[in-house]
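Dear colleague,

I am handing over the structure below, and I would be grateful if you could look through it with the notes that follow beside you.

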Amino acid sequence: MPRTLEVMIVDDEPTVGKRLAPALAKIGCEVETFVNPTEAMHRIDKKEFDVVITDVVMKEATGVQVLEHVMRASPRTKVIMITGYAMMSLARDAMEKGAFDFVAKPFQLHELRRVVLRAAEALGVEPVPSHVDGFDDL
Amino acid sequence: MPVIIISSAAFGRGAEITARTAGLLGYRIAGPEVLAAAAQRHGVPVERLRQAINESATWRSMSAKDRRVCLAIVGATLSDHILDGECVCHGLAAHLYVTGISHVVKVRISCPLDSRAARATLQENLSDSRARKLVRRLDTTRRRWVEELFGVDENDPANFDVVIEAERTGIEEAATLIVDVARRRRYQPMSYSLKQMRDHALASKVRAALVDVDPGVVVRANDGNVRIETKVLGTESEKTASLRSRALAVAGSLTVEVAAIDDYFARAAMSMR
(Lines give C-alpha, C1' and ligand atoms only; values in the text may rest on other atoms or scores of the structure.)
Protein backbone atom coordinates (compact mmCIF):
# COMPACT_ATOMS: atom_id res chain seq x y z
CA MET A 1 0.00 0.00 0.00
CA PRO A 2 1.62 3.31 -1.07
CA ARG A 3 1.78 5.74 1.86
CA THR A 4 4.24 7.65 4.03
CA LEU A 5 6.34 5.47 6.34
CA GLU A 6 6.21 6.75 9.94
CA VAL A 7 9.74 6.60 11.34
CA MET A 8 11.20 7.54 14.72
CA ILE A 9 14.93 8.10 15.21
CA VAL A 10 16.35 7.92 18.75
CA ASP A 11 20.00 8.89 19.22
CA ASP A 12 21.48 11.08 21.93
CA GLU A 13 23.98 12.40 19.38
CA PRO A 14 21.93 15.17 17.66
CA THR A 15 23.88 15.04 14.38
CA VAL A 16 22.66 11.49 13.72
CA GLY A 17 19.01 12.49 13.62
CA LYS A 18 19.81 15.66 11.68
CA ARG A 19 21.55 13.69 8.94
CA LEU A 20 19.29 10.64 8.86
CA ALA A 21 15.96 12.48 8.83
CA PRO A 22 16.36 14.22 5.42
CA ALA A 23 17.94 11.08 3.92
CA LEU A 24 14.92 9.00 4.95
CA ALA A 25 12.42 11.70 3.99
CA LYS A 26 13.67 11.33 0.42
CA ILE A 27 12.53 7.69 0.31
CA GLY A 28 9.08 8.52 1.57
CA CYS A 29 9.48 8.57 5.36
CA GLU A 30 7.98 11.02 7.79
CA VAL A 31 10.58 11.24 10.51
CA GLU A 32 10.47 12.32 14.15
CA THR A 33 13.85 12.54 15.90
CA PHE A 34 14.57 12.29 19.62
CA VAL A 35 17.83 12.76 21.51
CA ASN A 36 16.25 11.67 24.80
CA PRO A 37 15.14 8.00 24.86
CA THR A 38 12.72 8.59 27.76
CA GLU A 39 10.89 11.23 25.75
CA ALA A 40 10.93 8.88 22.77
CA MET A 41 9.26 6.15 24.83
CA HIS A 42 6.56 8.58 25.97
CA ARG A 43 5.93 9.41 22.32
CA ILE A 44 5.72 5.69 21.44
CA ASP A 45 2.90 5.40 24.00
CA LYS A 46 0.92 8.01 22.05
CA LYS A 47 1.74 7.18 18.43
CA GLU A 48 2.31 3.93 16.57
CA PHE A 49 5.37 4.19 14.32
CA ASP A 50 6.13 1.85 11.44
CA VAL A 51 9.87 1.89 12.12
CA VAL A 52 11.96 2.93 15.13
CA ILE A 53 15.68 3.43 14.59
CA THR A 54 17.48 3.57 17.92
CA ASP A 55 21.04 3.89 19.10
CA VAL A 56 22.02 1.26 21.68
CA VAL A 57 24.27 3.13 24.09
CA MET A 58 22.60 6.28 25.44
CA LYS A 59 22.70 8.03 28.81
CA GLU A 60 19.03 8.17 29.86
CA ALA A 61 18.05 4.68 28.73
CA THR A 62 19.54 2.01 26.50
CA GLY A 63 18.40 1.10 23.02
CA VAL A 64 17.47 -2.32 24.35
CA GLN A 65 15.05 -0.61 26.78
CA VAL A 66 13.58 1.33 23.86
CA LEU A 67 13.26 -1.94 21.92
CA GLU A 68 11.48 -3.65 24.83
CA HIS A 69 9.16 -0.67 25.21
CA VAL A 70 8.28 -0.72 21.51
CA MET A 71 7.65 -4.47 21.58
CA ARG A 72 5.19 -4.00 24.46
CA ALA A 73 3.44 -0.93 23.04
CA SER A 74 3.41 -1.81 19.34
CA PRO A 75 4.61 -5.31 18.37
CA ARG A 76 4.12 -4.62 14.64
CA THR A 77 6.69 -1.79 14.69
CA LYS A 78 10.06 -2.73 13.19
CA VAL A 79 12.99 -1.71 15.37
CA ILE A 80 16.41 -1.16 13.83
CA MET A 81 19.30 -0.96 16.30
CA ILE A 82 22.35 1.13 15.38
CA THR A 83 25.52 1.20 17.44
CA GLY A 84 29.19 2.00 17.42
CA TYR A 85 29.70 -0.61 20.14
CA ALA A 86 28.58 -3.68 18.21
CA MET A 87 29.25 -6.99 19.90
CA MET A 88 28.04 -10.45 19.04
CA SER A 89 26.24 -11.01 22.35
CA LEU A 90 24.49 -7.63 22.16
CA ALA A 91 23.42 -8.24 18.57
CA ARG A 92 22.06 -11.68 19.40
CA ASP A 93 20.16 -10.41 22.44
CA ALA A 94 18.62 -7.57 20.43
CA MET A 95 17.44 -9.99 17.74
CA GLU A 96 16.05 -12.35 20.38
CA LYS A 97 14.07 -9.47 21.92
CA GLY A 98 12.50 -8.71 18.55
CA ALA A 99 14.79 -6.25 16.74
CA PHE A 100 14.25 -6.22 12.98
CA ASP A 101 17.91 -5.57 12.22
CA PHE A 102 21.16 -4.59 13.90
CA VAL A 103 23.51 -2.21 12.08
CA ALA A 104 27.03 -1.29 13.19
CA LYS A 105 28.24 2.32 12.95
CA PRO A 106 29.76 3.72 10.87
CA PHE A 107 27.39 2.88 8.04
CA GLN A 108 26.52 4.48 4.73
CA LEU A 109 23.16 6.18 4.36
CA HIS A 110 22.18 3.96 1.45
CA GLU A 111 22.75 0.88 3.67
CA LEU A 112 20.33 2.18 6.29
CA ARG A 113 17.83 3.22 3.61
CA ARG A 114 17.94 -0.34 2.30
CA VAL A 115 17.20 -1.74 5.79
CA VAL A 116 14.31 0.72 6.25
CA LEU A 117 12.86 -0.28 2.86
CA ARG A 118 13.09 -3.94 3.87
CA ALA A 119 11.20 -3.11 7.07
CA ALA A 120 8.56 -1.28 5.01
CA GLU A 121 8.23 -4.30 2.74
CA ALA A 122 7.78 -6.57 5.75
CA LEU A 123 4.96 -4.26 6.89
CA GLY A 124 3.37 -4.22 3.43
CA VAL A 125 3.99 -0.50 3.04
CA GLU A 126 5.32 1.11 -0.14
CA PRO A 127 6.81 4.48 0.80
CA VAL A 128 6.67 6.97 -2.05
CA PRO A 129 10.13 8.48 -2.60
CA SER A 130 10.67 12.10 -3.48
CA HIS A 131 14.15 11.60 -4.94
CA VAL A 132 17.32 9.79 -3.87
CA ASP A 133 20.61 11.69 -3.80
CA GLY A 134 24.20 10.45 -3.56
CA PHE A 135 25.69 8.23 -0.87
CA ASP A 136 27.06 9.56 2.37
CA ASP A 137 28.79 8.06 5.33
CA LEU A 138 27.43 8.36 8.81
CA MET B 1 20.01 -18.25 7.22
CA PRO B 2 22.64 -19.30 9.74
CA VAL B 3 25.81 -21.30 9.38
CA ILE B 4 26.20 -24.24 11.73
CA ILE B 5 29.65 -25.47 12.74
CA ILE B 6 29.69 -28.88 14.35
CA SER B 7 32.79 -29.94 16.24
CA SER B 8 33.46 -33.37 17.67
CA ALA B 9 36.39 -35.43 18.81
CA ALA B 10 37.72 -38.32 16.70
CA PHE B 11 35.11 -41.07 16.21
CA GLY B 12 32.61 -38.82 17.99
CA ARG B 13 29.57 -39.11 15.67
CA GLY B 14 29.99 -35.55 14.37
CA ALA B 15 29.76 -36.56 10.72
CA GLU B 16 26.51 -38.47 11.21
CA ILE B 17 24.90 -35.60 13.13
CA THR B 18 26.11 -33.14 10.50
CA ALA B 19 24.52 -35.14 7.69
CA ARG B 20 21.20 -35.46 9.53
CA THR B 21 21.13 -31.76 10.53
CA ALA B 22 21.86 -30.65 6.96
CA GLY B 23 19.15 -33.02 5.73
CA LEU B 24 16.53 -31.63 8.12
CA LEU B 25 17.33 -28.03 7.21
CA GLY B 26 18.03 -28.57 3.51
CA TYR B 27 21.47 -26.98 3.99
CA ARG B 28 24.72 -27.72 2.16
CA ILE B 29 27.51 -29.57 3.97
CA ALA B 30 31.01 -28.11 4.05
CA GLY B 31 33.20 -31.06 4.84
CA PRO B 32 36.09 -32.94 3.30
CA GLU B 33 35.39 -31.62 -0.21
CA VAL B 34 36.49 -28.19 1.04
CA LEU B 35 39.94 -29.69 1.68
CA ALA B 36 40.10 -30.92 -1.91
CA ALA B 37 39.05 -27.50 -3.23
CA ALA B 38 41.59 -25.76 -0.97
CA ALA B 39 44.36 -28.13 -2.05
CA GLN B 40 43.60 -27.52 -5.71
CA ARG B 41 43.34 -23.74 -5.33
CA HIS B 42 46.61 -23.39 -3.41
CA GLY B 43 48.59 -26.24 -4.98
CA VAL B 44 49.18 -28.26 -1.83
CA PRO B 45 48.60 -32.01 -1.26
CA VAL B 46 45.13 -32.64 0.15
CA GLU B 47 46.60 -35.19 2.57
CA ARG B 48 48.68 -32.41 4.12
CA LEU B 49 45.55 -30.36 4.81
CA ARG B 50 43.75 -33.39 6.17
CA GLN B 51 46.64 -34.10 8.51
CA ALA B 52 46.68 -30.48 9.70
CA ILE B 53 43.10 -30.76 10.88
CA ASN B 54 42.52 -34.35 11.81
CA GLU B 55 46.04 -35.44 12.73
CA SER B 56 46.98 -38.68 11.07
CA ALA B 57 47.10 -41.97 12.88
CA THR B 58 50.84 -42.09 12.35
CA TRP B 59 53.46 -40.79 14.77
CA ARG B 60 54.64 -38.17 12.30
CA SER B 61 53.62 -34.81 13.57
CA MET B 62 53.29 -31.46 11.87
CA SER B 63 55.07 -28.29 12.90
CA ALA B 64 53.02 -25.38 14.23
CA LYS B 65 54.19 -23.27 11.31
CA ASP B 66 53.03 -25.80 8.71
CA ARG B 67 49.75 -26.25 10.50
CA ARG B 68 49.13 -22.48 10.52
CA VAL B 69 49.74 -22.37 6.76
CA CYS B 70 47.38 -25.30 6.13
CA LEU B 71 44.63 -23.91 8.36
CA ALA B 72 44.87 -20.52 6.65
CA ILE B 73 44.44 -22.20 3.27
CA VAL B 74 41.45 -24.24 4.46
CA GLY B 75 39.92 -21.20 6.19
CA ALA B 76 40.17 -19.06 3.06
CA THR B 77 38.44 -21.70 0.95
CA LEU B 78 35.79 -22.36 3.59
CA SER B 79 34.96 -18.65 3.79
CA ASP B 80 33.50 -18.86 0.26
CA HIS B 81 31.33 -21.83 1.23
CA ILE B 82 29.82 -20.16 4.29
CA LEU B 83 29.45 -16.63 2.90
CA ASP B 84 25.85 -17.18 1.77
CA GLY B 85 24.77 -19.14 4.87
CA GLU B 86 22.61 -22.28 4.85
CA CYS B 87 25.59 -24.49 5.43
CA VAL B 88 26.65 -27.08 8.03
CA CYS B 89 30.42 -27.42 8.52
CA HIS B 90 32.17 -30.35 10.07
CA GLY B 91 35.69 -31.71 10.17
CA LEU B 92 37.47 -28.48 9.19
CA ALA B 93 38.27 -27.08 12.66
CA ALA B 94 36.17 -24.09 11.58
CA HIS B 95 34.99 -23.33 15.12
CA LEU B 96 38.57 -22.27 15.88
CA TYR B 97 38.99 -19.67 13.14
CA VAL B 98 35.46 -18.52 12.28
CA THR B 99 34.81 -16.25 15.24
CA GLY B 100 32.64 -13.33 16.28
CA ILE B 101 29.86 -13.80 13.70
CA SER B 102 26.45 -13.89 15.36
CA HIS B 103 24.71 -16.04 12.75
CA VAL B 104 27.31 -18.78 13.07
CA VAL B 105 26.05 -21.40 15.55
CA LYS B 106 28.82 -23.44 17.13
CA VAL B 107 27.93 -26.91 18.33
CA ARG B 108 30.13 -29.31 20.28
CA ILE B 109 29.29 -32.99 20.17
CA SER B 110 30.65 -34.80 23.18
CA CYS B 111 30.89 -38.55 23.26
CA PRO B 112 32.34 -40.89 25.92
CA LEU B 113 35.70 -42.54 25.34
CA ASP B 114 34.16 -46.04 25.50
CA SER B 115 31.81 -45.50 22.58
CA ARG B 116 34.41 -43.64 20.54
CA ALA B 117 36.88 -46.49 21.10
CA ALA B 118 34.18 -48.99 20.10
CA ARG B 119 33.69 -47.14 16.80
CA ALA B 120 37.47 -46.94 16.27
CA THR B 121 37.62 -50.72 16.77
CA LEU B 122 35.13 -51.23 13.96
CA GLN B 123 36.27 -48.53 11.57
CA GLU B 124 40.02 -49.11 11.90
CA ASN B 125 39.82 -52.86 12.51
CA LEU B 126 41.74 -52.62 15.79
CA SER B 127 41.67 -54.48 19.08
CA ASP B 128 39.86 -52.72 21.93
CA SER B 129 43.10 -51.74 23.69
CA ARG B 130 44.72 -50.42 20.50
CA ALA B 131 41.58 -48.49 19.63
CA ARG B 132 41.58 -46.86 23.07
CA LYS B 133 45.24 -45.95 22.70
CA LEU B 134 44.57 -44.44 19.28
CA VAL B 135 41.64 -42.34 20.50
CA ARG B 136 43.62 -41.11 23.52
CA ARG B 137 46.61 -40.22 21.37
CA LEU B 138 44.47 -38.33 18.86
CA ASP B 139 42.84 -36.44 21.73
CA THR B 140 46.20 -35.50 23.24
CA THR B 141 47.70 -34.37 19.94
CA ARG B 142 44.61 -32.37 19.08
CA ARG B 143 44.48 -30.72 22.52
CA ARG B 144 48.14 -29.70 22.19
CA TRP B 145 47.95 -27.99 18.81
CA VAL B 146 44.61 -26.34 19.47
CA GLU B 147 46.02 -24.92 22.70
CA GLU B 148 49.27 -23.86 20.99
CA LEU B 149 47.69 -22.21 17.95
CA PHE B 150 44.43 -20.85 19.33
CA GLY B 151 44.89 -20.85 23.11
CA VAL B 152 41.53 -22.52 23.73
CA ASP B 153 40.24 -25.77 25.19
CA GLU B 154 37.85 -27.47 22.78
CA ASN B 155 36.17 -29.25 25.65
CA ASP B 156 35.26 -25.97 27.34
CA PRO B 157 31.51 -25.46 26.78
CA ALA B 158 32.05 -21.68 26.94
CA ASN B 159 33.48 -21.85 23.42
CA PHE B 160 30.22 -23.16 21.96
CA ASP B 161 26.58 -22.13 21.67
CA VAL B 162 25.35 -25.69 22.21
CA VAL B 163 26.93 -28.82 23.66
CA ILE B 164 25.23 -32.15 23.00
CA GLU B 165 26.04 -35.53 24.48
CA ALA B 166 25.62 -37.70 21.40
CA GLU B 167 25.46 -41.08 23.09
CA ARG B 168 22.62 -39.96 25.34
CA THR B 169 20.56 -38.18 22.67
CA GLY B 170 21.23 -40.27 19.58
CA ILE B 171 21.62 -38.87 16.08
CA GLU B 172 18.00 -37.89 15.42
CA GLU B 173 17.45 -36.01 18.66
CA ALA B 174 20.83 -34.29 18.44
CA ALA B 175 20.04 -33.06 14.92
CA THR B 176 16.56 -31.92 15.97
CA LEU B 177 18.04 -29.98 18.89
CA ILE B 178 20.51 -28.24 16.60
CA VAL B 179 17.76 -27.36 14.12
CA ASP B 180 15.63 -25.87 16.92
CA VAL B 181 18.55 -23.75 18.12
CA ALA B 182 19.50 -22.62 14.61
CA ARG B 183 15.94 -21.40 13.99
CA ARG B 184 16.00 -19.05 16.96
CA ARG B 185 15.95 -15.35 16.09
CA ARG B 186 19.24 -14.68 17.86
CA TYR B 187 21.11 -16.79 15.28
CA GLN B 188 19.52 -15.25 12.18
CA PRO B 189 21.71 -13.09 9.90
CA MET B 190 21.49 -9.32 10.35
CA SER B 191 23.25 -6.41 8.65
CA TYR B 192 25.98 -6.42 11.29
CA SER B 193 26.71 -10.16 11.12
CA LEU B 194 26.61 -10.23 7.31
CA LYS B 195 29.22 -7.48 7.26
CA GLN B 196 31.27 -9.44 9.79
CA MET B 197 31.06 -12.47 7.50
CA ARG B 198 32.21 -10.47 4.44
CA ASP B 199 35.07 -8.96 6.43
CA HIS B 200 36.02 -12.41 7.73
CA ALA B 201 36.07 -13.82 4.19
CA LEU B 202 38.38 -11.09 2.92
CA ALA B 203 40.68 -11.32 5.95
CA SER B 204 40.88 -15.11 5.52
CA LYS B 205 41.86 -14.81 1.86
CA VAL B 206 44.47 -12.17 2.56
CA ARG B 207 45.87 -14.25 5.39
CA ALA B 208 46.13 -17.29 3.12
CA ALA B 209 48.07 -15.16 0.63
CA LEU B 210 50.54 -14.00 3.29
CA VAL B 211 50.92 -16.91 5.65
CA ASP B 212 53.91 -18.51 3.93
CA VAL B 213 55.82 -15.22 4.33
CA ASP B 214 54.72 -14.80 7.96
CA PRO B 215 52.80 -17.66 9.65
CA GLY B 216 52.02 -15.42 12.61
CA VAL B 217 50.56 -12.59 10.54
CA VAL B 218 47.37 -11.00 11.91
CA VAL B 219 44.89 -9.74 9.32
CA ARG B 220 41.72 -7.72 9.86
CA ALA B 221 39.36 -6.40 7.21
CA ASN B 222 36.70 -3.72 7.33
CA ASP B 223 34.68 -3.01 4.18
CA GLY B 224 37.62 -3.81 1.92
CA ASN B 225 40.18 -1.98 4.05
CA VAL B 226 42.79 -4.44 5.23
CA ARG B 227 45.08 -4.05 8.24
CA ILE B 228 48.06 -6.38 8.57
CA GLU B 229 50.10 -6.78 11.74
CA THR B 230 53.46 -8.42 11.28
CA LYS B 231 56.52 -8.81 13.45
CA VAL B 232 59.73 -7.49 11.92
CA LEU B 233 63.37 -7.15 12.82
CA GLY B 234 64.10 -3.44 12.63
CA THR B 235 62.15 -1.98 9.70
CA GLU B 236 62.41 -4.92 7.24
CA SER B 237 60.84 -2.88 4.47
CA GLU B 238 61.20 -5.73 1.96
CA LYS B 239 58.94 -7.96 4.02
CA THR B 240 56.28 -5.32 4.63
CA ALA B 241 56.32 -4.30 0.96
CA SER B 242 55.87 -7.93 -0.06
CA LEU B 243 52.95 -8.38 2.35
CA ARG B 244 51.32 -5.19 1.11
CA SER B 245 51.58 -6.08 -2.58
CA ARG B 246 50.31 -9.63 -2.00
CA ALA B 247 47.38 -8.35 0.06
CA LEU B 248 46.44 -5.78 -2.58
CA ALA B 249 46.38 -8.55 -5.19
CA VAL B 250 43.57 -10.33 -3.31
CA ALA B 251 40.18 -9.60 -4.86
CA GLY B 252 38.18 -7.26 -2.64
CA SER B 253 41.16 -5.51 -1.02
CA LEU B 254 40.72 -1.78 -1.51
CA THR B 255 43.38 -0.41 0.83
CA VAL B 256 46.12 -2.15 2.81
CA GLU B 257 47.78 -0.85 5.95
CA VAL B 258 50.78 -2.74 7.30
CA ALA B 259 51.62 -2.30 10.97
CA ALA B 260 55.21 -3.45 11.52
CA ILE B 261 55.73 -4.52 15.11
CA ASP B 262 59.29 -4.76 16.34
CA ASP B 263 60.10 -8.39 17.14
CA TYR B 264 62.03 -7.60 20.30
CA PHE B 265 62.60 -11.22 21.34
CA ALA B 266 63.94 -12.29 17.93
CA ARG B 267 66.22 -9.25 17.86
CA ALA B 268 67.48 -10.01 21.39
CA ALA B 269 68.09 -13.66 20.44
CA MET B 270 70.07 -12.59 17.34
CA SER B 271 72.21 -10.17 19.33
CA MET B 272 73.20 -12.97 21.72
CA ARG B 273 74.47 -15.21 18.92
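In chain B, three strands make up an open sheet in the order β6-β7-β8, and their pairing is mixed (two strands pair if DSSP finds at least two bridges between them; helices, H or I of at least four residues, and strands, E of at least two, are DSSP runs numbered from the N terminus). At the edges stand β6 (218-222) and β8 (255-262) of chain B, each with a single partner strand, so one side of each is left without a neighbour in the sheet. On average, neighbouring strands of this sheet are turned by 20 degrees against each other, direction ignored (axes are lines fitted to C-alpha atoms, for helices over the stretch in contact, and angles run from 0 to 180 degrees between N-to-C directions).

Strand β7 (residues 225-232) of chain B runs parallel to β8(B) and is joined to it by 8 bridges; in β8(B), Val258(B) is the bridge partner of Ile228(B). Helix α9 (residues 191-210) of chain B packs on the sheet, where it touches β6 and β7 of chain B, and its direction makes about 145 degrees with that of β6(B) (contact means heavy atoms within 4.5 Å). Helix α10 (residues 237-248) of chain B also packs on the sheet, touching β7 and β8 of chain B, with a direction at about 155 degrees to that of β7(B).

Before I go further, please keep in mind that this is a predicted model, in which local features need pLDDT of at least 70 and side-chain atom pairs count only at pLDDT 80 or more, while totals for chains, interfaces and linings use all residues. Residues are numbered from 1 along each chain as its sequence is written, chains are lettered from A and ligands numbered from 1 in the order in which they are written, and side-chain values use heavy atoms, with hydrogens and water left out.

Chain A has an open sheet of 5 strands in the order β2-β1-β3-β4-β5, with parallel pairing. Here β2 (29-34) and β5 of chain A are at the edges, each with a single partner strand, so one side of each is left without a neighbour in the sheet. Strand β4 (residues 78-83) of chain A is joined to β5(A) by 4 bridges, the two running parallel, and Ile82(A) has Val103(A) as its bridge partner in β5(A). Helix α3 (residues 63-73) of chain A lies across β3 (51-55) and β4 of chain A, and runs at about 180 degrees to β4(A).

Turning to the interface, 17 residues from chain A and 14 residues from chain B take part in the contact. About 1300 Å² is buried between chain A and chain B, with carbon and sulfur atoms giving 50% of that area (buried area is the accessible area, with a 1.4 Å probe, that two parts lose on being put together, summed over both). Arg92(A), Met95(A) and Glu96(A) supply 50% of the area that chain A buries against chain B, more than any other three residues.

Across this interface of chain A and chain B there are 4 salt bridges (a side-chain nitrogen of Lys or Arg within 4 Å of a carboxyl oxygen of Asp or Glu), and one of the salt bridges in the model is formed by the side chains of Arg184(B) and Glu96(A), at 3.4 Å from N to O. The elements that give two or more residues to the side of chain A that touches chain B are α4 (88-96), β5 (101-104) and α5 (109-123) of chain A, and α4(A) gives the largest share, 6 residues.

Over all chains, the whole structure holds 32 salt bridges. In one of them the side chains of Arg3(A) and Asp50(A) meet at 2.9 Å, N to O; Arg3(A) is in the segment before β1 (5-10) of chain A and Asp50(A) in the loop between α2 (37-46) and β3 of chain A, so placed 47 residues apart that the pair links distant parts of the chain.Two backbone details remain: a cis peptide bond joins Lys105(A) and Pro106(A), with omega about -5 degrees, and Phe11(B) has a positive phi of about 60 degrees although it is not a glycine.

With kind regards
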